[in-house]
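Here are my notes on the model you sent.

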Amino acid sequence: MPLEMGKVRLVGAGPGTVDLMTVRALRAVETAQALLYDALVADEILALAPAGCVRIQTGKRAGKTSMKQETINRLMLRLARRGLNVVRLKGGDPSVFGRSGEERAFLEAHGVEVDVVPGVTAASAAAAQFAFPLSHRGEARRIAFATARVQDGSVVEGGWSGLADAETTLILYMARDAARAAAARLMAEGRAPGTPALAVENAGREDARILSTTLSMLGEDVENAAFSGPVLLVVGEVASQARAAYAPSLRAASARS
Ligand code: SAH
């Protein structure tokens, strides 16, 4: 008799600490029979998986290369076909730049049941930790989660005119190396050069760092900060409310206020 097909859960691990996971995510990890995890998932979260659980790292860490998406898809399918309860653990929320749509489509096309467990996305963690809101009455009526691909020093995608709107809080994921190009594009589309901007590294974790600057200085300041962890960029009036700012001009004093 064929094995009963296992199920795959795409689980948001949150920004990196166990106490920012949802209870549902925690239970999913504690009962996983196979765990595929991203580079961004913290060790203290991986340690929650049961002893007999198959653990597979899919993301880049310590110089290793990432698995191809196709390989990850096939692997999840193979494990589910073995009847295992598979957890695909991702940083933040799986629905925010987490390929949950692609993975769901692939698995469902092969008859595998898929569940998504939401998580705290990096933007929410950054806002909470550094005391700024993402929306603010009369000042920030819209929030955009975006990313920027850069080629030859310029942003590739179109659609930036809406992001240049003065009442939009723009959160840029995966954009550390695109900060200069993204800022240039926003200013070209009419966003004021003096718009407050932030770069937040390791949001939600103890070793988080925040750099407080303006849109016109964002590229240079991010480059000089030499961040090594995941970095989120925030552009918008709300950024002026951020506390404990690491101001680049005060770098020598390592400015934690
Ligand atoms: N699904 C994730 C995002 C994955 S894309 C989420 O919801 O948060 C990966 C990008 O997310 C990184 O390049 C970085 O821009 C951002 N990111 C993820 N975790 C972060 C963290 N703890 N601090 C700052 N940025 C983070």
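1. Is Asp165 buried, partly exposed or exposed? This is a predicted model, so the answer is a computed one. Asp165 is partly exposed, with a relative accessible area of 26%. Its salt-bridge partner is Arg142, and the closest N and O atoms of the two are 2.9 Å apart. Arg142 belongs to strand E6, while Asp165 sits in the loop between E8 and E9. The pair therefore ties together parts that are 23 residues apart in sequence. Arg142 is also partly exposed, at 39% relative accessible area.

2. Glu167 and Arg141 make another salt bridge, with N to O at 2.7 Å. Glu167 is found in the loop between strand E8 (154-155) and strand E9 (168-173). Arg141 is in the loop between helix H5 (122-129) and E6. Parts 26 residues apart in sequence are thus tied together by this pair. Glu167 is partly exposed, with a relative accessible area of 24%. Arg141 is exposed, with a value of 55%.

3. The side chains of Glu103 and Arg88 form a salt bridge of 3.1 Å, N to O. Glu103 comes from helix H4 (residues 100-109) and Arg88 from strand E4 (residues 86-90), so the bridge ties together parts 15 residues apart in sequence. Both Glu103 and Arg88 are buried. The two also belong to a salt-bridge network that links Asp38, Arg88, Lys90 and Glu103. The structure as a whole holds 15 salt bridges.

4. Asn85 is buried, with a relative accessible area of 18%; the cut-off for buried is under 20%. The side chain of Asn85 makes a polar contact of 3.2 Å with that of Arg9. Leaving aside residues up to four places away in sequence, Asn85 touches Lys7, Arg9, Thr31, Ala32, Gln33 and Ala34.

5. Next, the sheet. Five strands form an open sheet in the order E6-E9-E12-E10-E11, and the pairing is mixed. Why does one side of E6 and of E11 lack a neighbour in the sheet? Strand E6 (142-147) and E11 stand at the edges, and each has a single partner strand, so one side of each is left without a neighbour. From one strand to the next, the twist averages 20°.

6. Within that sheet, E10 and E11 pair in the antiparallel sense, over 6 bridges. Glu201 stands opposite Arg209 in E11.

7. Which residues of helix H7 (residues 215-225) are buried? They are Leu215, Leu218, Gly219, Asp221, Val222 and Ala225. As background, an α-helix has 3.6 residues a turn, so residues three or four places apart point the same way. What covers the buried residues of H7 includes helix H6 (179-188). Three strands are also among the covering elements: E10 (196-201), E11 (209-214) and E12 (231-235).

8. Ala226 follows H7, and its phi is positive, near 45°.

Definitions and conventions: Residues are numbered from 1 along each chain as its sequence is written. This is a predicted model: local features need pLDDT of at least 70, side-chain atom pairs count only at pLDDT 80 or more; totals for chains, interfaces and linings use all residues. Side-chain values use heavy atoms; hydrogens and water are left out. Buried means under 20% relative accessible area, exposed over 50%, partly exposed in between (1.4 Å probe, protein chains only). Helices (H or I, at least four residues) and strands (E, at least two) are DSSP runs, numbered from the N terminus. Contact means heavy atoms within 4.5 Å. Two strands pair if DSSP finds at least two bridges between them. Axes are lines fitted to C-alpha atoms, for helices over the stretch in contact, and angles run from 0 to 180 degrees between N-to-C directions. A salt bridge is a side-chain nitrogen of Lys or Arg within 4 Å of a carboxyl oxygen of Asp or Glu. A polar contact is a pair of N or O atoms within 3.5 Å; within protein, one must be able to donate a hydrogen and the other to accept it, and residues adjacent in sequence count only if both atoms are side-chain atoms.
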